[in-house]
Amino acid sequence: MSERHGNADDRVGEPVGGDFTTRLGEHPRRAGLIGWLGAVVDDVPVPWRRRLGSGAVAGVGLFLMGIPVLHAARHATTVDSVAGDLLPLSFGAVLLLTGLWLRWGSDDGTAPLVTAFWVVTGLAASGAVSLYVLTAHVAHGHVVESPLFLAYDVAATGAVAGLLVSRYDVRSRRRHRRLSEQERQFRAVFEGTLDALVITDDRGRYVAANPAAAELFGLSRTELVGKRIEDFMPEDASTGAQWSTFLEAGGQRGEVDLVRPDGETRTVAFAATANVLPGRHLSALRDVTERTQREHELAEERARIEFLNRLLRHNVLNGMNLVLAKLDSLAAAVPSDRREDVDVARHLSEEIVDLVQTARRLAADVTGESSERRVLIADPLLAAVESVRESYPTATVEISPPDADLRVRADDMLETVFDHLLTNACKHNDPESLRVSVGIEADAETVTVSIADDGRGIPAARRDALFDGGGFEHSRDWGGFGLSIVDILVDRYDGRVWAEANDPSGVVFYVELPRPD
């Protein structure tokens with residue numbers, strides 16, 4: 001694998017395509033008074049933000065409530081005085097309750113200090129403005145009754161106005177934090193994903209690219225940004241019509257050939273989404289060149305296997321059937337002392353026909369013509385036993401009838417598995433004295449068939465190499481293909497096959513097959 005992120009131009013965090021990411025939420029720190037306040041708030045620990053902020057707001061509330069109470073205690077209670085004190089008194093109560101809520105009810109660590117700042121600022125600013133206005137009136141000889149109380153009323157209104165402003169500021173900060181978090185998540189995905197991600201404008205010009213895209217295109221990100229889609233397309237590609245169709249449809253998926261600046265052509269699978277933001281279109285690209293080549297090679301291999309399958313079916317198999325027919329016609333004319341030779345020829349011809357049919361079935365499986373299904377294990381197992389009894393009548397083959405309803409996950413090639421194992425036992429031993437025992441054990445998930453003989457056995461080294469996973473390769477330089485066929489078929493059924501020594505002599509083959517779900 002090539003080294004990723006090798007160029008300085010491809011560093012994670014490089015502000016390539018910054019206009020797009022900024023519009024997603026990467027806002028700079030706000031300047032001015034709000035920016036200064038944000039810096040101060042961020043520097044104060046969260047517990048102290050709660051204590052200081054809620055205390056300041058509650059203190060302003062108590063102050064605003066205390067002045068009307070003191071005023072009422074020192075002056076006669078009239079309707080006018082009560083009406084004048086009621087508004088600042090309610091303002092003070094609101095601020096007091098807000099302070100208590102900020103201390104124990106709010107889960108926002110920033111809100112208390114921000115609220116306190118705006119409440120105190122509103123109180124001080126309104127009070128200062130009202131005092132300035134009153135002072136100017138008095139300086140011009142105007143008579144103002146209770147100037148300090150009037151300034152207090154205006155300051156109380158300013159404190160509540162500051163509370164309202166703080167609500168907006170807190171919500172703005174929360175929104176800013178959410179956008180910043182979304183931006184960090186987006187940038188982490190954009191920069192770190194293994195798929196190539198590119199962002200284009202309405203003209204098909206790349207405005208942002210991640211490191212994987214730089215590697216795919218064979219350019220640094222600074223070189224890639226600013227180029228157009230058609231710069232990497234084959235000469236005969238009609239990119240203009242495809243681009244218009246994409247913008248109208250809002251999205252598109254498919255595969256396309258990408259021509260890199262070094263002249264290499266790569267096959268790329270893409271998924272594009274139009275207008276993720278106005279005028280910005282996101283595309284995810286994945287290099288599938290090797291996969292496409294493998295699919296092409298597999299298609300060619302399947303075509304060759306299908307050709308061989310037809311060759312076996314139309315030439316070899318038809319020829320062997322003709323040979324068997326000729327042997328049948330010759331059997332009556334051959335003298336009795338030579339009839340054994342005809343029987344041997346017929347037996348070998350039938351074995352060749354069986355092998356050809358097995359090869360056809362294996363070829364059909366590779367080309368996708370066979371399908372897995374559930375089979376009753378009794379049917380292929382009993383059929384294989386009867387077949388080997390007919391072929392080797394002097395051998396003793398014992399089997400306890402299996403459960404008639406016992407099923408395994410396999411197909412009608414399963415009889416071939418048992419037939420090869422039983423035939424292997426008889427062929428490599430003396431059938432006159434051979435005893436073969438077939439057993440079945442089942443549990444909740446698997447069915448295991450054992451085929452044990454009391455013959456000469458197999459050396460341990462060769463026994464362990466019988467089913468070594470070679471499959472179609474058949475890497476052994478000894479033995480026939482029968483057990484390799486067994487290995488291939490059992491593996492296709494997601495089962496296991498192995499051999500063990502039989503006591504006191506011989507060998508036991510085990511075939512473990514999964515039961516249907």
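This is a predicted model: local features need pLDDT of at least 70, side-chain atom pairs count only at pLDDT 80 or more; totals for chains, interfaces and linings use all residues.

Reader: Thanks. Let's step back, then: how many helices and strands does the protein chain have?

Author: There are 15 helices and twelve strands in the protein chain. The chain has 517 residues, and 39% of them count as buried. Its accessible surface comes to about 29,100 Å², with 56% of that belonging to carbon and sulfur atoms. Now look at contacts with a separation of 6 or more: residues 24 or more positions apart account for 65% of those.

Reader: What should I look for on the inside?

Author: Here's the general idea: in soluble globular proteins, nonpolar side chains tend to be buried together. In this model, the largest nonpolar core has 40 residues, and Ile377, Leu414 and Val417 have the most contacts inside it. Several elements give two or more residues to this core, including helix H12 (378-391), helix H13 (414-427), helix H15 (482-492) and strand E12 (507-514).

Reader: Which element gives the largest share of this core?

Author: That's H13, with seven residues.

Reader: Is H13 mostly covered or mostly open?

Author: Mostly covered: eleven of its 14 residues are buried. Among them are Leu414, Val417, Phe418, Leu421 and Asn424.

Reader: What does Val417 touch, once I skip its neighbours within four places in sequence?

Author: With those left aside, Val417 is in contact with Val486, Leu489, Val490 and Val511. You'll find Val486, Leu489 and Val490 among the buried residues of H15. That helix is mostly covered too, with nine of its eleven residues buried.

Reader: Back to Asn424 in H13. Why does Asn424 count as buried?

Author: The cut-off for buried is under 20% relative accessible area. Asn424 has 18% relative accessibility, so it counts as buried. Leaving aside neighbours within four places in sequence, Asn424 is in contact with Leu483 and Phe509. Leu483 is one of the buried residues of H15.

Reader: And the outside? Which residues make a nonpolar surface patch?

Author: Val69, Leu86 and Leu89 make one of about 260 Å². Val69 sits in helix H3 (residues 46-74).

Reader: Why is Val69 called exposed?

Author: Exposed means over 50% relative accessible area. Val69 has 53%, so it is exposed.

Reader: What about something in between, like Trp101?

Author: Trp101 is in helix H4 (residues 79-104). Its relative accessible area is 42%, so Trp101 is partly exposed. Apart from neighbours within four places in sequence, Trp101 is in contact with Ser106 and Arg167.

Reader: How far apart are the C-alpha atoms of Trp101 and Pro112?

Author: They are separated by 9.2 Å, and the two residues are eleven residues apart along the chain.

Terms used
Residues are numbered from 1 along each chain as its sequence is written. Side-chain values use heavy atoms; hydrogens and water are left out. A nonpolar core is a set of buried Ala, Val, Leu, Ile, Met, Phe, Trp, Tyr and Cys residues joined through side-chain atoms within 4.5 Å. Buried means under 20% relative accessible area, exposed over 50%, partly exposed in between (1.4 Å probe, protein chains only). Helices (H or I, at least four residues) and strands (E, at least two) are DSSP runs, numbered from the N terminus. Contact means heavy atoms within 4.5 Å. Patches are made of residues with over 30% relative accessible area and no salt bridge: like charges are joined within 9 Å, nonpolar side chains (Val, Leu, Ile, Met, Phe, Trp, Tyr) within 5 Å. Accessible areas come from the Shrake-Rupley method with a 1.4 Å probe; for residues, only the protein chains shown count as cover. A salt bridge is a side-chain nitrogen of Lys or Arg within 4 Å of a carboxyl oxygen of Asp or Glu.
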